[in-house]
Amino acid sequence: MRDLHVPWWLAGATVAIAITLSFKGAYAASLMNLVAIAALIAASMRFVLLIGELSFATSAFVGLGAYGAGIATALFDWPFPVALILGPLAVIVVSALFGYVTLRIKGPYFMLIGFAFTEAVRISFTKVNAIGGVTGLPGIFPPQFLDSWMPTFVALVVIGLLFGLYAVEKSDFGKTLVAIRDNEDIARTVGVDVLAFKVACFVIASFCAGVAGSLQAFVNNVISPSDFGFLVASFALAYVKIGGESSIFGAITGAIFLSLLGSYALGFGAGEHFIYGGAMVLAMLLMPKGFIGLFATLRARYSRPAKATPLAAKPVAAQ
Amino acid sequence: MQTALQLLLTTLQIGAVYILFSLGLTLIFGIMRVVNFVHGHFFALSALLVSVFMPPVISAGFSVPLAYVLAGSAAIAGSLALALAVYKFGLSYFQRDMEGAFIFTMGMAILLDGVFLWLFGGSVRPVPQIITGNTSILGASVSVQRLALCLIAALVTVLLYWALGATKLGKALRAVAADHEAAMLQGIPYNRIALTGFLLAAFLAAFAGVLIAPVSVVSPVMGTDYLMKTFVAIIVGGLGSVRGAIVGALFVGSIEAVGGYYADASTATIAVFVLVILVLLIRPKGLLGHA
């Protein structure tokens, strides 16, 4: 049994739940939901990065999850648990098909095909009048008894899935994914079915994105196609990069930091762009390995003061 | 027949701007192996600057076409200054780092969105018509201004194509795109070539911005829409391929023209994105790609 740091996870979960229980009020609740959902999308993005691919289709899967919840609740009035899982189940099917055909290509082509998929799905949402077209779908409410506990519920679901992703990453399956990223051909020579592993990874990550979308629909009560543009995936990638790609905690830290900064910046009106864009630019220039990298550098510097080689502190031009 | 001709003309009009735009993106990808999200802002800035500079120049007593040339040159200079700043203070650190460059240029794009909105305001800015009147080609009607736009864009494309094939700089650019390490071993100064290539790409975008300003709505966010379509164009053609960029741009332009004629604009957009997925399934590296 590998060490999954269960006590640390329990401690973190306890703190998160305590925070959701101690802050009441609509603004605090929306902030906590925002952060939790951002963390889940960021972790989903990072999970696909384990096989070395950038998945812009993440936005589309968040959207499918949200519309699944929306259709089940607002149109058919199905019970909450069914509505919650309907979108993510659809995402499993769609992402398996999409992954099976597209994961044969790599790098920029995979990234851009995901991008095209996201845009096509988003525009398709606007074309269907039954789900509200351009204006979107209102009236997606969680059951009455959950109303005031929504942040706690969201936090529980998100932490559960984050731990799931962490456990999968630490398993043999996760290590095979990293092996595929490092050298696909070597993995193939030892008998790994590379495509199957990639598709499985993609489906797991997309499922989490679908759940994030489903939660988002219930939290915001109204969804519209413009919520699921490529910016969702772009921001998720920014969370991962600014937090630090090397660990799931980097993705979570980046999501917490940037989404809090983003909603703080919202208060400045047009200044939002300055703060958010500026933070991304500065973070990329000053700490290319994210918070996690910064932390590791600082620790290395203070534990071995004799050999001070702050290599990672500055971006190095490629040449 | 007349409909077909009209659609062909529309394709060429839309495609002309996409070609200039996608040539720049594909150059940057070829040389630096990054996807530049700020490219749309070079384009938007020059269109915006044309709309800012033209009225005072006209009221200073210059004729409209001359004012357009003067304002256009100043606008291109402004865009190139922005491109130089983006390269020197940022993008040069992220060469061959697709993810890093992506986040950086996206952050930069968001930042510049804010700057443009603050500088130019969110409203649509008018640019006076340069050449008035319509003409008809074999029965299909087209405005002279748009025809001129097409011809100039075609001229620039031919010039660039020739320059890449025949001049020393063009050969250096292609060598770097093919294998930058081997190119450096041959004594090609990579950093200088990369900067030149980036500025050349920015120039193409700025030039497209100047061309589009009189025939389109000029606003701070106009670049993003073109950028999305151009991404599709360069994927279809094959990343890094110059011929591919031209073919891809015409592909996107033709679907927009035909789709826009028989259905509506958003259906045409969906068709563009679905078709690119199909193309990639058949030819994963794009129609003319081999990278």
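At what angle do helix H1 and helix H6 of chain A pack, and how far apart are their axes? The points below begin with the answer.

1. Basis of the note. This is a predicted model, in which local features need pLDDT of at least 70 and side-chain atom pairs count only at pLDDT 80 or more, whereas totals for chains, interfaces and linings use all residues. Residues are numbered from 1 along each chain as its sequence is written, and chains are lettered from A and ligands numbered from 1 in the order in which they are written.

2. H1(A) and H6(A). Helix H1 (residues 6-22) and helix H6 (residues 150-170) of chain A pack at about 165°, their axes 9 Å apart. Helices (H or I, at least four residues) and strands (E, at least two) are DSSP runs, numbered from the N terminus. Axes are lines fitted to C-alpha atoms, for helices over the stretch in contact, and angles run from 0 to 180 degrees between N-to-C directions. The pair is therefore roughly antiparallel, a term for angles over 145 degrees.

3. Crossing and contact of this pair. H1(A) passes H6(A) in a right-handed crossing (the near helix is turned clockwise from the far one by less than a right angle; anticlockwise is left-handed). Residues in contact have C-beta atoms, placed from the backbone, within 7 Å. H1(A) contributes residues including A:Trp9, A:Ala13 and A:Ile17, and H6(A) residues including A:Pro151, A:Ile159 and A:Phe163. By class, this contact has nine nonpolar, two polar and no charged residues. Nonpolar covers Ala, Val, Leu, Ile, Met, Phe, Trp, Tyr, Cys and Pro; charged covers Asp, Glu, Lys and Arg; the others, Gly among them, are polar.

4. H7(A) and H9(A). Helix H7 (residues 172-182) and helix H9 (residues 194-220) of chain A pack at about 115°, with axes 10 Å apart. The crossing of H7(A) past H9(A) is left-handed. A:Thr176, A:Leu177 and A:Ile180 of H7(A) meet A:Val194, A:Phe197, A:Lys198 and A:Cys201 of H9(A).

5. Strands of chain B. E1(B) (residues 134-137) and E2(B) (residues 140-143) run antiparallel and are joined by four bridges; pairing requires at least two DSSP bridges. B:Ile137 stands opposite B:Ala140. Two residues separate the strands of this hairpin, and B:Leu138 in the turn has a positive phi of about 50°.

6. Contact between the chains. Chain B gives 39 residues and chain A 37 residues. H4(B) supplies the largest share of chain B's side, 14 residues. That side divides into 25 nonpolar, nine polar and five charged residues.

Key
Two residues are in contact if their C-beta atoms, placed from the backbone, lie within 7 Å. Angles under 35 degrees count as roughly parallel, over 145 as roughly antiparallel, 65 to 115 as roughly perpendicular and the rest as oblique.
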